[in-house]
Amino acid sequence: METVSTNLAFGGTQGVYAHQSSATGTQMTFSVFVPPQAAHEKCPVVWYLSGLTCSHANVMDKGEYRRKAAELGLIIVCPDTSPRGDDVPNDESWQMGQGAGFYVDATEEPWVTHFQMYSYVTTELPALIAGNFPADMSRQGITGHSMGGHGALTIALKNPDTFKSCSAFAPITNPSTADWSKGALKAYLGTDETKWAAHDAVCLIGSGARFPEILVDQGAADNFFDGCNPQALQDACADTDIALTLRLQEGYDHSYFFISTFMDDHLAWHAERL
């Protein structure tokens with residue numbers, strides 16, 4: 001693991017790191033904020049999964065999480081959204097290819113060789129974090145925005161024994177039906193839509209996947225509101241034992257102005273459960 005940069009922030013350390021990934025076959029870059037409490041004890045981990053067109057840097061620069069994470073003693077891990085490089089397949093659309101991995105393990109050409117983001121985020125990178133940072137991996141939470149919110153929901157639903165808390169900002173709740181995601185699922189996973197269901201929160205809940213509590217914030221003025229489809233998630237959780245807290249935030253859009261406004265709430269949510 002290579003240290004790209006470190007900076008002191010609120011008594012903790014904001015670092016950017018790179019390593020050669022066996023899952024993606026590429027160099028991957030990620031960021032980790034380590035709070036000051038980690039000098040004396042292992043700290044719980046909150047994963048933040050970013051959205052389409054983003055990398056680890058967007059939330060690091062604009063998410064405004066460090067003050068609260070330092071106060072609460074949370075390690076914040078921010079992976080990239082896809083493999084990158086000259087030899088990595090790409091697409092002219094911002095909805096597929098580099099910057100748009102959708103946190104799935106691709107099975108179709110030309111994506112299968114490098115686009116193994118589910119395995120990277122759930123297996124390879126956690127092992128790297130456990131081996132190199134003062135992280136208590138028995139206390140992990142996961143959150144994310146948009147495509148990353150989709151990833152956070154589906155990964156938590158598929159791994160309820162690993163994660164103790166889950167939240168999301170404007171997640172794509174039903175990507176099998178959304179115009180900005182179903183094309184990518186088809187490209188990565190093939191035409192058999194039953195395979196898409198394993199990476200669709202609404203479908204997972206419908207097939208019996210469960211997670212105790214989920215917090216979702218959705219901007220009511222989000223220009224991607226219909227594609228996020230918060231109502232589909234609310235309907236899916238109805239009559240289940242999933243305690244969904246869905247908050248429509250009037251006037252807020254899909255941007256990091258929205259995310260940074262409610263970041264403290266989400267980190268407090270995770271800290272209480274971790």
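**Figure 1. His 266 in helix H10 of the predicted model.** His 266 sits in helix H10, residues 256-273. Helices (H or I, at least four residues) and strands (E, at least two) are DSSP runs, numbered from the N terminus. His 266 has 1% relative accessibility and therefore counts as buried. Buried means under 20% relative accessible area, exposed over 50%, and partly exposed in between (1.4 Å probe, protein chains only). Neighbours within four places in sequence aside, His 266 is in contact with Thr 143, Ser 167, Ala 168, Phe 169, Leu 215 and Asp 217. Contact means heavy atoms within 4.5 Å. Residues are numbered from 1 along each chain as its sequence is written, and side-chain values use heavy atoms, with hydrogens and water left out. The model is predicted: local features need pLDDT of at least 70, side-chain atom pairs count only at pLDDT 80 or more, and totals for chains, interfaces and linings use all residues.

**Figure 2. The whole protein.** Ten helices and nine strands make up the secondary structure listed for the protein. Its radius of gyration is 17 Å, close to the 19 Å that the globule rule gives for 274 residues, so the protein is as compact as a globular protein of that length. The radius is taken over C-alpha atoms, and the globule rule is 2.2 Å times the number of residues to the power 0.38. The C-alpha trace spans about 50 × 45 × 35 Å along the principal axes. Of the 274 residues, 58% count as buried. Among contacts with a separation of 6 or more, 72% come from residues 24 or more positions apart.

**Figure 3. The largest pocket.** The volume of the largest pocket is about 150 Å³. Its lining consists of Gly 51, Leu 52, Thr 53, Cys 54, Trp 94, His 145, Ser 146, Trp 180, Phe 224, His 254 and Tyr 256. Six of the lining residues are nonpolar, five are polar and none is charged. Ala, Val, Leu, Ile, Met, Phe, Trp, Tyr, Cys and Pro count as nonpolar, Asp, Glu, Lys and Arg as charged, and the others, Gly among them, as polar. On a 1 Å grid over the protein atoms alone, a pocket is an open set of points where a 1.4 Å probe fits, with protein on both sides within 12 Å along at least five of seven lines; lining residues have an atom within 4 Å of a point. Grid points are joined across faces, edges and corners, and a volume is the space filled by probe spheres set on the points.

**Figure 4. Thr 53, a pocket-lining residue with positive phi.** Thr 53 is one of the residues that line the largest pocket. Its loop runs between strand S4 (43-49) and helix H1 (56-62). Phi of Thr 53 is positive, about 75°, although the residue is not a glycine. At 53% relative accessibility, Thr 53 counts as exposed.

**Figure 5. Ser 176 and its partner Asp 200.** Ser 176 lies in the loop between strand S7 (163-169) and helix H5 (182-189). With 13% relative accessibility, Ser 176 counts as buried. Its side chain makes a polar contact of 2.8 Å with the side chain of Asp 200. A polar contact is a pair of N or O atoms within 3.5 Å; within protein, one must be able to donate a hydrogen and the other to accept it, and residues adjacent in sequence count only if both atoms are side-chain atoms. Ser 176 and Asp 200 are 24 residues apart in sequence, and their C-alpha atoms are 6.5 Å apart. Residues up to four places away not counted, Ser 176 touches Lys 182, Leu 185, Trp 196, Ala 197, Asp 200 and Cys 203.

Figure 6. At 6% relative accessibility, Thr 26 counts as buried. The side chains of Thr 26 and Thr 24 are joined by a polar contact of 2.8 Å. Beyond four places in sequence, Thr 26 touches His 19, Gln 20, Ser 21, Pro 83, Arg 84, Val 88 and His 114.

**Figure 7. Thr 245 on strand S9.** Strand S9 (residues 243-249) contains Thr 245. Thr 245 has 32% relative accessibility and counts as partly exposed. Apart from neighbours within four places in sequence, its contacts are Ile 214, Leu 215, Val 216 and Trp 269.

**Figure 8. Backbone detail at Pro 110 and Asn 229.** Glu 109 and Pro 110 are joined by a cis peptide bond, with omega about 0°. Pro 110 is placed in the loop between strand S5 (75-78) and helix H3 (117-132). Asn 229 has a positive phi, near 55°, and is a residue other than glycine. Asn 229 lies in the loop between helix H8 (225-228) and helix H9 (230-237).
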